[in-house]
Amino acid sequence: MAGGGGGGAAPPPKQEELQPHPVKDQLPNIAYCITSPPPWPEAILLGFQHYLVMLGTTVLIPASLVPQMGGGNEEKAKMIQTLLFVAGVNTLFQTWFGTRLPAVIGGSYTYVPTTISIILAGRYSDIVNPQEKFEKIMRGTQGALIVASTLQIVVGFSGLWRNVARFLSPLSAVPLVALSGFGLYEFGFPVLAKCIEIGLPQIILLLIFSQYIPHIIHGERHVFDRFAVIFSVVIVWIYAHLLTVGGAYKNTGPKTQISCRTDRAGIIGAAPWIRVPYPFQWGAPSFDAGEAFAMMAASFVALVESTGAFIAVSRYASATPLPPSILSRGIGWQGVGILFSGIFGTGNGSSVSVENAGLLALTRVGSRRVVQISAGFMIFFSILGQFQMAISLSLLHTHSLSLSLSLSCVFMHS
């Protein structure tokens, strides 16, 4: 009867309204979704864990690039601090204005080959002074990143990528996410092989804490699987330090000592106690057409990689299916992040961290607040130079972390 009382069925939703994933399609046992933050103590620990995972790859990029650019430990420490600071700012902007997903925006290995090509460019080969060579290469990289950022800014904010994202079905998204994760193995395994006695136990311990102990010890609170990264990193670092003080690497070669010892990185003493990264700290950027086009190609690869990572993050956060317009907006803000990378001089572009996407799946916590807390850790510790380098040094000996978490991202999504 018209005008009757309540109790009738709700009207069916409009076709354009997005509905949550069906129950059968959702990941099981998601503890906290994108808008349901855990209690503050747990959220802070989970945010610190995201910071540790992101820090592992952040340290490896300057460690491989700075020596080729002619820089020393001081330049390496400044580059790590700058990468972390910009990553924290970009992550906050992405969670506030971009896709608003719990996605960490950090340095990407996608840009490393292009940066190496800039290092090997002929216009820098005649420079004899290492300090001058480093600064000029960094300025050239800054100019290339500033130009390359326009690609994602235009494609994202204009809505062009929205038209591409409409054709991404689950059949095409799964290989995209898988390739995003597998792309890290090309860079991670050679580093892991340099110190197999430390890297392999890291993977084994992470698997034990996250996959086996929860099935043996049953409890109301998920401690071991949710904080598996913190447990495994602490144990492996203590193990690596015991090997160092016990003289296990006394008669080994210099490369092995640098890779495995906990007291030979040299970046702690070179880092200032307090330092705030600032724009154009290496000088005014220089521009070269060839370098700019090469960096734009890398930016397009990062765009495709981040698209797959955004889809994975939305899945792990138990969010609604990612609308093409929101995905395009997130790509636009990622372009702004690359612009910040060029302005501040990180020597590397930005993209969605696939390792942190894997951590979302590992912990079953997809809260946006947790990732925002991790961004706060990035900014805070990037200012405290020597304390930050001490944490970075410990992560150098657990570099297999990114491998195992990428594996988690790939297989849990597919």
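Predicted model: local features only at pLDDT ≥ 70, side-chain atom pairs only at ≥ 80, totals over all residues.
Colleague: What is the average confidence of the protein chain, and how many of the residues score at least 70?

Modeller: The protein chain averages a pLDDT of 82, and 80% of the residues score at least 70. Over residues 409–414 the pLDDT is below 50, although this stretch has 23 contacts in the model beyond near neighbours in sequence.

Colleague: What makes up the secondary structure, and what share of the chain is buried?

Modeller: The protein chain contains 17 helices and two strands. Of its 414 residues, 52% are buried. Among contacts with a separation of 6 or more, 86% join residues 24 or more positions apart. The chain exposes about 18000 Å², of which carbon and sulfur atoms supply 67%.

Colleague: Why is Val236 called buried?

Modeller: Val236 has a relative accessible area of 1%. Buried requires a value under 20%, so Val236 is buried. Val236 belongs to helix α9, residues 228–245. Its C-alpha atom is separated by 6.2 Å from that of Gln202, 34 residues apart along the chain.

Colleague: How do you know whether Thr99 is buried or exposed?

Modeller: The relative accessible area of Thr99 is 7%, and the limit for buried is under 20%; Thr99 is therefore buried. Thr99 is found in the loop between α2 and β1. Leaving aside neighbours within four places in sequence, Thr99 is in contact with Gln94, Phe310, Ile326, Leu327 and Gly330.

Colleague: Why does Ile204 count as partly exposed?

Modeller: Ile204 has 44% relative accessibility. Partly exposed covers the values between the 20% limit for buried and the 50% limit for exposed, so Ile204 counts as partly exposed. Ile204 lies in helix α8, residues 196–216. Ile204 also contributes to a nonpolar surface patch of about 770 Å², together with Ile196, Leu200, Leu207, Ile208, Tyr212, Ile216 and Ile217.

Colleague: Which residues have the most contacts inside the largest nonpolar core?

Modeller: The core has 25 residues, and those with the most contacts inside it are Leu65, Met69, Tyr111, Tyr124, Phe134, Met138 and Met295. The elements giving two or more residues to this core are α1, α3, α4 and α12. Helix α4 gives the most, with six residues. Tyr111 touches residues including Leu145, Met295, Ala298 and Ile338, not counting residues up to four places away in sequence.

Colleague: What makes the pairing of Glu42 and Arg226 a salt bridge?

Modeller: The closest N and O atoms of Glu42 and Arg226 are 2.7 Å apart. The criterion is a side-chain nitrogen of Lys or Arg within 4 Å of a carboxyl oxygen of Asp or Glu, and the pair forms a salt bridge. The pair links distant parts of the chain, with Glu42 in helix α1 and Arg226 in the loop between α8 and α9, 184 residues apart. Glu42 is buried, with a relative accessible area of 10%, and Arg226 is buried at 7%. The structure holds five salt bridges.

Colleague: How do you know that Lys78 and Glu74 meet in a salt bridge, and where do they lie?

Modeller: The N to O distance for Lys78 and Glu74 is 3.5 Å, and the cut-off is within 4 Å; the side chains meet in a salt bridge. Both residues lie in helix α2, four residues apart, about one turn of the helix. Lys78 is partly exposed at 22%, and Glu74 is partly exposed at 42%.

Colleague: What makes Arg123 and Glu291 a pair that links distant parts of the chain?

Modeller: Arg123 forms a salt bridge with Glu291, the closest N and O atoms being 2.8 Å apart. Arg123 lies in the loop between α3 and α4, whereas Glu291 lies in helix α12, 168 residues apart. Arg123 is partly exposed, with a relative accessible area of 39%, whereas Glu291 is buried, at 7%.

How values were computed: Residues numbered from 1 in each chain as written. Heavy atoms only, no water. pLDDT = per-residue confidence, 0-100. Contact = heavy atoms within 4.5 Å. Buried < 20%, exposed > 50% of the residue type's maximum accessible area, 1.4 Å probe, protein only. Patch = residues over 30% accessible without salt bridge, like charges linked within 9 Å, V, L, I, M, F, W, Y side chains within 5 Å. Areas by Shrake-Rupley, 256 points an atom, 1.4 Å probe, with all protein chains shown as cover. Core = buried A, V, L, I, M, F, W, Y, C linked by side-chain atoms within 4.5 Å.
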